[in-house]
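Let us go through the labels on this structure one at a time.

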Amino acid sequence: MPSGCCIRALWILNNQDTVIFSRKFPVVEKRWRVSCEKETDDNLKYYLLPNDSELAAAFIDRKKREGSARGFGIRVSQSVRGSDSWLDDPITRHVISLFINGEEKVENNLLWPLVLHIKGSYSILVLPLVEPRHLKSYSRMCGKSDCGSAVGADENLSSLLLDLPSITGGFIVAQAIGDVILGEVMEPEVLVAASPSVGGLLDSLTGSIGISGISARAKPVASPVSASTVSGTSSSGTVTFDSPKAVSRPLEKDVLRSFISSAMPFGTPLDLSYSNISAIKTTGFSSSDTPPTERKQPAWKPYLYRGKQRILFTVHDTVHAALYDRDEIPDVITISGQVNCRAELEGLPDVSFPLTGLDAARIESLTFHPCAQVPEHGGDKQGITFSPPLGNFVLMHYQAHCSVGPPVKGFYQLSMVSENEGAFLFRLSLLEGYKAPVVMEFCTVTMPFPRRKVLSFDGTPSIGTVSNTEYSVEWKIVTNTRSVSGKTIEATFPGTVRFAPWQPQRTPSYGSALGIMADEDSDHETESGGSMVNVEDYIMEKMTKDLHAADLEDPFCWQGYNYAKVSFKMIGPSLSGMSIDPKSVNIFPTVKAPVEISTQVTAGDYILWNTLGKCPVTATPNA
C-alpha cells in the first residue's frame, strides 16, 4: 500500500454526541477493501463503514466505558481487556478505537485508528488509511495481559505509530476542520516597518500550521500598528503591529463541504490552508500565473505572487519555566521557538542563508518546513535553502536552553490561614541582567483557583494593578501603555484572598474511576496516628477530604497543587541566541529585495510554584 496520508472517512459530533456531519471517501475505502480481501487471515474481513447512528452509538458506549470522550489513557480498575485504556498508554486519549454494534470480540468490527480532536463543543473523528496488519497488531496489543509498552517488546504502540505517518496527517486534517467549523480563521499578527525607505510588512505567526502552512493572500494590505524593534534594512524607524483578528462565521455545512472538496479531493490532503483555497476561489488564475518552464511549481505555491518584493523573518522564542525557589529542587527553563517567514518574491526563486552560532545558542533540535532543503550539518553552522510558499509560514522550529537568566524570577507563597481565607506573597524581579534594546511590552501574573470561588482580595502591589474574576486573581505588573526597557523592576505583592465556603464536589457517575485513580496515583499523604497535628495541614485536609482529583484535562489542578502563571511579551534579542544576519540572505535568481529581521519573546507555560505547598517535579539524571 502506498505511503502518505489518505482519509477513509471523517465525522463531526456535537456535545449531545450526535453526528452532525460526515464524509466518506469511496476511492480510499476501495483501497482498504482490496487490502482486506488480500489477507489470508479469516478473522479479518472487510467490514462496511458504520452509518452515522452506529458510529454515534459506539462513541457513546466508549465514553461510558472509558469515563470521558478522551478516556483514561492509563489502565485503571475499570479498564476491560480489549479497550483503549487496557493498553495503558496516554496516546489512546487522542488515537482511539470504536467497536461497532458493541461486538467487542469480533476483530473486523474494530474501527481504528480514529484521530480524536475536540474543538469547542465539537468532537472531530478522522479515520486515516492504514494497512490491515496495523489493525491486527493493535488488536493483539489491546488483549495483552501485561501493562504498558515495554522497551524492546515485539509489539508496542510507540513503534506502531512511528510506522504510520498517516496518523500525523489525520491530526492536521482534524485541526484544520476544527478551525473551519468554528470560523477561527485567524488574520495573523502583522508587523509594519514605518520607515519610508522600506515600508516592509511582517507577519508574525504563533499558531500551528497545516500541511502547507497558514498563508495570506498574494497581495496583502498593511494594517494599523503598534511599536516594536526591527534589525536589518529597517534599522531606523519604528515598527508597529496589528493584533490578531478572528474572522467568525456560523457553522455552514456548504462551507465545510467546499473546503474538504478543495483541500483533500478524493480523501488525499493536498493543501489545508483555508487562506490559499479562499484566495484561489476569489481571484482565480490568469496567464501571468504561469510558472517558468524550467521550474516545477511546488504544491505549497499554487499561484504566483505579483507586487513589491521583500523578505521578512521573525524569530519567536517561547519561554517555558518551572520556578520552585527551593534548594532541593532546581528551576527548569527551556525555550521552544520558531522562525516565521514571509517571502514576497515573484516567480519561483530559491532563498538561502546560513544559521551560525548554534553551539553558542545551545540549540538542541531543529525541524524544517517541507519547502526547505537542509544538508547534513554539524558543529556551529547550518545552511538552509528553501523555495518559499505564499504568505506567512513557519520556516523552522527549534528547542533550546535559555542563554541568559529568566526574564521574571522570584517566588510565590500561599498559606491558608482559615478554611476560606489564604495569605499570599509575591516577590519578583523583572529583566534582571537585561539591557536595552530589550523591551517588555506587558507582564501579568495570574493566580488561578479553579476549585474555589473568589469572593474578594485585599492587598496593594508595589507596582501595577490588580483585579479578580470568579476563579482567579490577576496582577498586571507591566501594561501595553507602560512598556519597560533596559532596567530591572522589583515588584512585591502581599495580600489575602477570601473564598466562598467550601462545597464538597461530587463527581458524575462515570467519575468514580477518577476518584479511584486519585486514591491509587496521587501523592496525597495520610496522617499517622498522633495528637500533634500541624494547623495548616489540618485545614487543608478538611478542605480536600471530599475533593476528588481533577480531570486529566487539567493536571495542574490536582488536589493541593497551587501555582501562579506568568505571561509576558518582550521585543529585542532572542533568549535562545537564534539569529539571522540579513546581509547573508541570498536570492536566486538575483533580485533586489529588502530583508527585515525582528525578534519577539513570549511566555509559554511559565509557572511559579507555591513554595509553601506541594509541587510536581521530575527527577533528572546528573550530567
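**Labels and cut-offs**

Modeller: β16 and strand β17 (residues 381–386) pair in the antiparallel sense, over 2 bridges. This is a predicted model, where local features need pLDDT of at least 70, side-chain atom pairs count only at pLDDT 80 or more, and totals for chains, interfaces and linings use all residues. Residues are numbered from 1 along each chain as its sequence is written, and side-chain values use heavy atoms, with hydrogens and water left out.

Biologist: What makes β16 and β17 a pair?

Modeller: Two strands pair if DSSP finds at least two bridges between them. Here there are 2 bridges. One of them joins Q373 to T385 in β17. Strands are DSSP E runs of at least two residues, numbered from the N terminus.

Biologist: Why are β16 and β28 said to stand at the edges?

Modeller: The open sheet runs β16-β17-β14-β28, with antiparallel pairing. β16 (372–373) and β28 (586–588) each have a single partner strand, so one side of each is left without a neighbour in the sheet.

Biologist: Why is C142 called buried?

Modeller: Buried means under 20% relative accessible area (1.4 Å probe, protein chains only), exposed over 50%, partly exposed in between. C142 has 4%, so the label buried applies. C443 has 0%, so C443 is buried too.

Biologist: How many disulfides does a search of the whole structure find?

Modeller: The search finds 0. A disulfide is a pair of cysteine sulfur atoms within 2.5 Å.

Terms used
Helices (H or I, at least four residues) and strands (E, at least two) are DSSP runs, numbered from the N terminus.
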